[in-house]
Structure formats: C-alpha cells, structure tokens
2 protein chains.
Amino acid sequence: MNLEEKTLDNSVVYDGKILKLVLKDVLLPNGKTAKREVVAHSGGVGVIALTKDDEILLVKQFRSPYEKTVIEIPAGKKEPGEDPLECGKRELLEETGFTAEEFIPLGELYPSPGYCGEIIHLFLAIGLNKSNQNLDEDEFLTVLKTPFSKALDMVMSGKICDSKTMVAILKTALFKANRKV
Amino acid sequence: MNLEEKTLDNSVVYDGKILKLVLKDVLLPNGKTAKREVVAHSGGVGVIALTKDDEILLVKQFRSPYEKTVIEIPAGKKEPGEDPLECGKRELLEETGFTAEEFIPLGELYPSPGYCGEIIHLFLAIGLNKSNQNLDEDEFLTVLKTPFSKALDMVMSGKICDSKTMVAILKTALFKANRKV
C-alpha cells in the first residue's frame, strides 16, 4: 500500500528561538490534498547518567507548557549541525556539573510524530566525575540524585512522565537486566 | 529552591486544526523576564493491543514532520474534554478494526516538555475481538501484527522510535516480566 504524502507547498507561519511552525499542503495517496501543521525543531539530546552507586541524576525544572515542575534527565537543545554526543556532554556538564568517561548511545526518539519533527538523541553516561555546574542565565533547576530502582518505580507509577526520561530509564533497566551495564 | 515561572502575558500566534502556538512572557525566579514558545494541544491517546498469541498491533503511516513512514501503536488526538479511555477505544477500532474487553491504564506521557503541552494517555488493551476498520478520509495506514518479542527488539534496536510506542512496549515488557499480564 502506498502511504506517501508529497509536499506541494509549505509556508513558515512562525520562526522562533526554539521552534519553527510550518504549514504544508500535501498530496495524499488518493490524489486529494490536505493541510499538515508541522513543528520543526533542530533536535535534542538527553543523558541518563548512572553513578557507581547505581544512582541516576535527574533534574527538576519548571516547564511552561504544563505550568508546573517536571522531572527529567539532563537534556538540551541541539544547535543545527551540532554533533549529538558533544551536545550531550555539554548539557550534562552545564546542568549537573558532571563529566562522564563513557557515553553509550541509547538510540533516537520521536516525541510526537503526528505534528512534531524533533529527534531526541539518548545516551547512557557512565564513569562520572564531578566538575562545575554552569547553567544558562535563564535556566533554573534542581539536581536530584536518585537510586536507579526508585527512578524506575517513578516511571512505572507515573511520577516521571517525560518521554525521553521514561525511555532512557526503561531501556537502561532492560540493559541492566541483560547485564550489559 | 524556587523554580516557578509566572506567566505575565500570552499571545496566540497560530490557532490551527491540530495545535495552537502560544508566545508567553514569563517572570523568572530571579526577577528577570523571558519569552516561552509553547505548542498547545488537546492531548492524545495511544493503545498497545496485545493478542492472545502474544502479538501486538502496530500501524505504519506517513508522518509529514519526518517525511517518511513511522511505526506506532494505534493512537489519535483527543477532542477537548473527551475521556481518554473513550478516545482510545475509538482510535483502536478506527485504525485497526479491533475492540478490546479490557483497557489497563499505562499512565501519561509528556512528549517534549520544553515547548510542548500535549499529554498522551496510554492504555494496554487485552481480550481483542475483530470488528471493522474505519479510517478517517485523509488517513492512510497499514496494520502490522507483530510478535511482542519482535516489537521489543525493534524498540531496543532503534527500528521503533516513536516515544509513546517505545514507552508502551517497554512498560508492557516490565509488566509481563512481573507476570501482571
């Protein structure tokens, strides 16, 4: 079955600091046309940092879209063209003050593919060393060192709802079950 | 530590069919102000439907933001005020032609909390019965009946990247490991 939609035209409705909103005219497989609203984004990186004592570093920050604090792994926006690993190292250091000896790729994540084009790259960081936290001027967050088993409980019980954080913790749990880390 | 941002003003930049783009002026904890770009969305529901033969129903469809097909669990947009469970039943039936005897809540998911306000509700559906697929007019998709173990491999190897699908499969894997389903 042919599923492809061909883009006939697109217009940028809004071009901002974090995202771009694009309105597309597409040709459907049945020959009809439709509109697609697309949020374009340069991508993100999330890092699950596991200590020798089997704890992970979580960050709690206020998230305007939900008007409340949300618990997440350290993460940030990738600059266009920036290498995901370099971005991950930078964000881990800036947000938590830790560097890591090894970054294991945990794959990519599409947050909400119906309308959002962001790709989030995930890494598992091990061999942590304390350095200095260096937040952006308008960034306010609290770092929570949390036992891995407790973080997994928080995912399963709904206290952690952020998609990249859920996937990173759940994938790490399976890696741990298979004794890969 | 006070993390709260107070919204001082907001303006709707775009109000579309799927999403709304809102530009906010916020007061930061340090007394300075900042802009926040927020994608508002009425929410979504995803359903992981598990057959008696330990297979799940996946749907493959073209996703305009990535300009390619993406493999996902059956899912759809919640109408404002609609009950998540009713939405999940409807989307499962429309997209796959299956009804289910039981829907077990798998919690909520925030796709990308930095700028997106969508909440995706997840359910595990069991006791499936075949009825009739009923796609929207501009909806084109293929249903893939996939052994659960293969779907889990697809998550771990990066063939499945959609966040709600990853979380639903990974959470179900842990439930199965604990013999809850």
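**Contacts between chains A and B**

Between chain B and chain A, the count of salt bridges comes to two. In one of these, the side chain of B:Glu67 meets that of A:Lys24, with a distance of 2.7 Å from N to O. The structure described here is a predicted model, and the values that follow were computed from its atoms.

The contact between the two chains involves 68 residues of chain B and 68 residues of chain A. Together the chains bury an area of about 6100 Å² between them, and carbon and sulfur atoms give 65% of this area. Within the share that chain B buries against chain A, B:Tyr66, B:Tyr110 and B:Phe140 supply 12%, which is more than any other three residues.

The secondary structure of chain A consists of three helices and ten strands. Along the sequence of chain A, these elements are arranged in the pattern β-β-β-β-β-β-β-α-β-β-β-α-α. The C-alpha trace of chain A spans about 60 × 40 × 30 Å along its principal axes.

Helix packing may be considered next, beginning with a pair inside chain B. Helix H2 of chain B, residues 148-156, packs with helix H3 of chain B, residues 163-177, at an angle of about 125 degrees, and the axes of the two helices lie 10 Å apart. Because of this angle, H2(B) is classed as oblique to H3(B), and the crossing of H2(B) and H3(B) is left-handed. On the side of H2(B), the contact is made by B:Phe148, B:Ala151, B:Leu152, B:Val155 and B:Met156, which meet B:Met166, B:Ile169, B:Leu170, B:Thr172, B:Ala173 and B:Lys176 of H3(B). Sorted by class, the residues in this contact of H2(B) with H3(B) are nine nonpolar, one polar and one charged.

Helices also pack across the two chains. Helix H2 of chain A, residues 148-157, and H3(B) pack at an angle of about 105 degrees, with their axes 11 Å apart, and H2(A) and H3(B) are therefore roughly perpendicular to each other. In this contact, A:Leu152, A:Val155 and A:Met156 of H2(A) are joined with B:Lys171, B:Leu174 and B:Phe175 of H3(B). Five of the residues in the contact of H2(A) with H3(B) are nonpolar, none is polar and one is charged.

A further pair is formed by helix H3 of chain A, residues 163-177, and H2(B), whose axes come within 11 Å and cross at roughly 110 degrees. That angle makes H3(A) roughly perpendicular to H2(B). The contributing residues are A:Lys171, A:Leu174 and A:Phe175 from H3(A), together with B:Leu152, B:Val155 and B:Met156 from H2(B). The contact of H3(A) with H2(B) divides into five nonpolar residues, no polar residues and one charged residue.

Methods
Residues are numbered from 1 along each chain as its sequence is written. Chains are lettered from A and ligands numbered from 1 in the order in which they are written. This is a predicted model: local features need pLDDT of at least 70, side-chain atom pairs count only at pLDDT 80 or more; totals for chains, interfaces and linings use all residues. Side-chain values use heavy atoms; hydrogens and water are left out. Axes are lines fitted to C-alpha atoms, for helices over the stretch in contact, and angles run from 0 to 180 degrees between N-to-C directions. Helices (H or I, at least four residues) and strands (E, at least two) are DSSP runs, numbered from the N terminus. Angles under 35 degrees count as roughly parallel, over 145 as roughly antiparallel, 65 to 115 as roughly perpendicular and the rest as oblique. A crossing is left-handed if the near helix is turned anticlockwise from the far one by less than a right angle, and right-handed if clockwise. Contact means heavy atoms within 4.5 Å. Ala, Val, Leu, Ile, Met, Phe, Trp, Tyr, Cys and Pro count as nonpolar, Asp, Glu, Lys and Arg as charged, and the others, Gly among them, as polar. Buried area is the accessible area (1.4 Å probe) that two parts lose on being put together, summed over both. A salt bridge is a side-chain nitrogen of Lys or Arg within 4 Å of a carboxyl oxygen of Asp or Glu.
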